[in-house]
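User: Please take a close look at one group of charged side chains in this model. Tell me which residues pair up, where they sit and how accessible they are.

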Amino acid sequence: MHTLSVNSFAKINLGLLITGKRDDGYHTLETIFAPINWYDTIEFTESGTVSMSCSNVDLPVDENNLCIRAARSLQHFSGTSKGVSMTLLKQVPFGAGLGGGSSDAATVLRVLNELWQLNVSQTDLHKLAVKLGADVPYFLSMKGLAYARGIGDELEDLGFTLPWYVVTVFPEEHISTVWAYRNFYKRFDRQIPDLKKSASELCLGGNKAMFPLFENDFEPAVFDHFPAVRAVKSALLDAGTVFASLSGSGSAVFGLFEEERDALEAMKRLPENYRKSLTPPGFTMA
Ligand SMILES: C[C@@](CO)(OP(=O)(O)O)[C@H](O)COP(=O)(O)OP(=O)(O)OC[C@H]1O[C@@H](n2ccc(N)nc2=O)[C@H](O)[C@@H]1O
Ligand SMILES: Nc1ncnc2c1ncn2[C@@H]1O[C@H](COP(=O)(O)OP(=O)(O)O)[C@@H](O)[C@H]1O
């Protein structure tokens, strides 16, 4: 039986401005998604039923797992009776603000649409994706930097990449996205900068004066409740990063470096037990 192995890349958020709250409880936001070179690997083998195993025993592999939920949503939408056995090599920390689970869900939708020969349209896949998670559409349809609005599902491919090395650090604190959205300090009345234009001036024009616009609205509350997370941002700044920020709802923190040697030096200075990844400039999801 043929087995297909696919990598599911994680993301960081360059700027994350929460602009309001919808009647359904979801928040509207503006953010720039950027892919990083930290990934899970999922192996797919056709089978009569839908099942999965996972290298991380802390992650349930029941109907709540986003890989299973994605497979089920395709079965229900298409009416297919085909199945799949999935093996998830879990390397992206979860509760990290890196979208690892969302990326896995998007990979399952994309691969099973091909494997099961369903020919579900991109529009319909997008609808299935957003029901699985607000971040899932980004991983379904984008490869590089994307500007996102709505709940994170209205996407625009920016067509350029980050010109820096990205050091991403997980300080071993799992932060629930629900907790973060319940506890962030609201600033809905604040003037919203044009993140799309600023990202272009920053990445293409090299205008570092744009960096302060890329605030993460989760950061103040997360730093107040998790001082170890605040300390990672301070350590990256002390190591000479040109910009550092919480990613998503956290707890991962990333720093941007112009020189690889400075990025590697910064990684050495951080606690040994913190998981870290280094992404080169120009990275996109293959
Ligand atoms: C915060 C962000 C930023 O990219 O990512 P992570 O930090 O999770 O990676 C996303 O908005 C997370 O997207 P995702 O993790 O897919 O969230 P979902 O599973 O759809 O929603 C989990 C819960 O978060 C809240 N939620 C999520 C997205 C959003 N725009 N507004 C919300 O209020 C809702 O309470 C929802 O029930
Ligand atoms: N395959 C999966 N990988 C990671 N998290 C998963 C998966 N399936 C379900 N989850 C649940 O989703 C949440 C994390 O999702 P993820 O997209 O990684 O969020 P975050 O970006 O906040 O880390 C966790 O609470 C985890 O229990």
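Analyst: Start with Arg-187. In this predicted model, Arg-187 has 31% relative accessibility, so it counts as partly exposed, a class that runs between 20% and 50%. Its salt-bridge partner is Glu-215, and their closest N and O atoms are 3.4 Å apart. Glu-215 is also partly exposed, at 35% relative accessibility.

Now place the two. Arg-187 sits in the loop between helix 5 (177-183) and helix 6. Glu-215 sits in the loop between helix 6 (195-203) and helix 7 (219-225). The pair links distant parts of the chain, 28 residues apart.

Next comes Arg-190. Arg-190 forms a salt bridge with Asp-217, with 2.7 Å between the closest N and O atoms. Arg-190 lies in the loop between helix 5 and helix 6, and Asp-217 in the loop between helix 6 and helix 7, so this pair ties together parts that are 27 residues apart in sequence. What about burial? Arg-190 is buried, with a relative accessible area of 14%. Asp-217 is buried too, at 3%.

These pairs belong together. Salt bridges that share partners join Arg-187, Arg-190, Glu-215 and Asp-217 into one network. Why can such pairs form? Side chains of opposite charge can pair when their charged atoms come close.

For context, the model has 18 salt bridges. One of them joins Lys-11 and Asp-135, at 3.7 Å from N to O. Lys-11 is in strand 1 (residues 3-21), and Asp-135 is in the loop between helix 3 (122-132) and helix 4 (136-141). They are 124 residues apart. Both Lys-11 and Asp-135 are buried.

Technical notes. Residues numbered from 1 in each chain as written. Chains lettered and ligands numbered in written order. Predicted model: local features only at pLDDT ≥ 70, side-chain atom pairs only at ≥ 80, totals over all residues. Heavy atoms only, no water. Salt bridge = Lys/Arg side-chain N within 4 Å of Asp/Glu carboxyl O. Helix = DSSP H or I, 4+ residues; strand = E, 2+ residues; numbered from the N terminus. Buried < 20%, exposed > 50% of the residue type's maximum accessible area, 1.4 Å probe, protein only.
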